[in-house]
Amino acid sequence: MNLQQVVTRLETLADSEKIATKERKFGIKARNSIGIYHKDLKVLAKEIGCDNRLAIELFDTGIYEARILCSKIYDPKCITEEQMNQWAMTFENWEICDSFCMGFFAKSKHGLAKAFEWSGNEHEFIKRAGFVIMAAYGFADKTASNEAFESFFPVIEREVNDERTYVKKAINWALRNIGKRNVDLNKLAIVVAKRILANDSKSAKWIAKNAISELEKPDVSILDYPRLIYRPMANKALHRASR
């Protein structure tokens with residue numbers, strides 16, 4: 001598809017009532033929105049496939065939904081640090097921030113560096129972006145060592161007093177996801193959460209209590225990444241079956 005064809009498809013999907021619905025139900029406010037649900041953009045992205053040039057053209061239209069679509073068809077291996085900085089500056093709500101960070105920026109070679117850098121940014125959604133990358137990194141790199149995730153803990157503890165809704169929710173999300181990566185990180189995340197609980201701020205206490213509540217559940221879902229370490233018996237059985 002070329003740019004005009006995609007824009008025409010977006011216009012076909014557009015529904016002004018969805019703009020109000022997204023704002024009312026999900027707190028999503030966006031300039032130049034034409035009213036398309038995220039799930040419909042995902043379907044269109046799958047149809048288009050990876051196309052970096054088209055992705056940039058879509059972003060440059062300024063149409064909100066075209067920018068979300070950009071994040072779904074650009075190859076993470078090709079994104080530059082400059083592009084990441086430029087695009088992050090345009091984040092205006094949690095939806096577009098998360099769309100760029102979860103399946104895109106977190107898979108970039110610059111992702112970890114940006115997570116640390118952005119976690120201290122004053123802009124609400126750039127700061128959120130740093131923590132969303134931390135939350136998504138466990139899925140983006142299934143073989144990363146525990147040390148990579150342990151390095152997030154000091155940053156999380158440093159920022160837990162931020163009372164802004166979309167920042168504290170992202171910090172909590174990062175802490176919970178790290179704690180669900182494997183049993184060792186689960187124990188460490190709980191220790192960190194209990195340390196955060198000693199803070200006086202409402203934000204810190206909410207982050208900690210919510211994380212502890214989930215991570216201490218007997219049936220908490222643990223990913224067991226890296227699988228070579230945390231599922232050795234299953235890996236041995238798989239190896240024997242393939243011989």
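In which crossing does α7 pass α9, left-handed or right-handed? This is a predicted model in which local features need pLDDT of at least 70, side-chain atom pairs count only at pLDDT 80 or more, and totals for chains, interfaces and linings use all residues. Residues are numbered from 1 along each chain as its sequence is written, and side-chain values use heavy atoms, without hydrogens and water.

**View 1. Helix α7 (residues 94-102) packs with helix α9 (residues 124-140).** The crossing of α9 by α7 is right-handed (the near helix is turned clockwise from the far one by less than a right angle). Axes are lines fitted to C-alpha atoms over the stretch in contact, with angles from 0 to 180 degrees between N-to-C directions. Helices are DSSP runs (H or I, at least four residues), numbered from the N terminus.

**View 2. Trp87 and Phe100 form an edge-to-face aromatic pair.** The ring centres are 5.8 Å apart, with 65 degrees between the planes (rings of Phe, Tyr and Trp, its six-membered ring, pair if their centres lie within 6.5 Å, and planes over 60 degrees apart count as edge-to-face). Trp87 lies in helix α6 (residues 81-88) and Phe100 in helix α7, so the pair ties together parts 13 residues apart in sequence. Trp87 is buried, at 5% relative accessible area, and Phe100 is buried at 0% (buried means under 20%, with a 1.4 Å probe and protein chains only).

**View 3. Ring pairs link a cluster that includes Phe59, Tyr74 and Trp118.** Also in this cluster are Trp87, Phe91, Phe100, Phe104 and Phe105. The structure holds 17 aromatic pairs.

Methods. Helix = DSSP H or I, 4+ residues; strand = E, 2+ residues; numbered from the N terminus. Phe/Tyr/Trp six-rings, centres within 6.5 Å; stacked < 30°, edge-to-face > 60°. Buried < 20%, exposed > 50% of the residue type's maximum accessible area, 1.4 Å probe, protein only.
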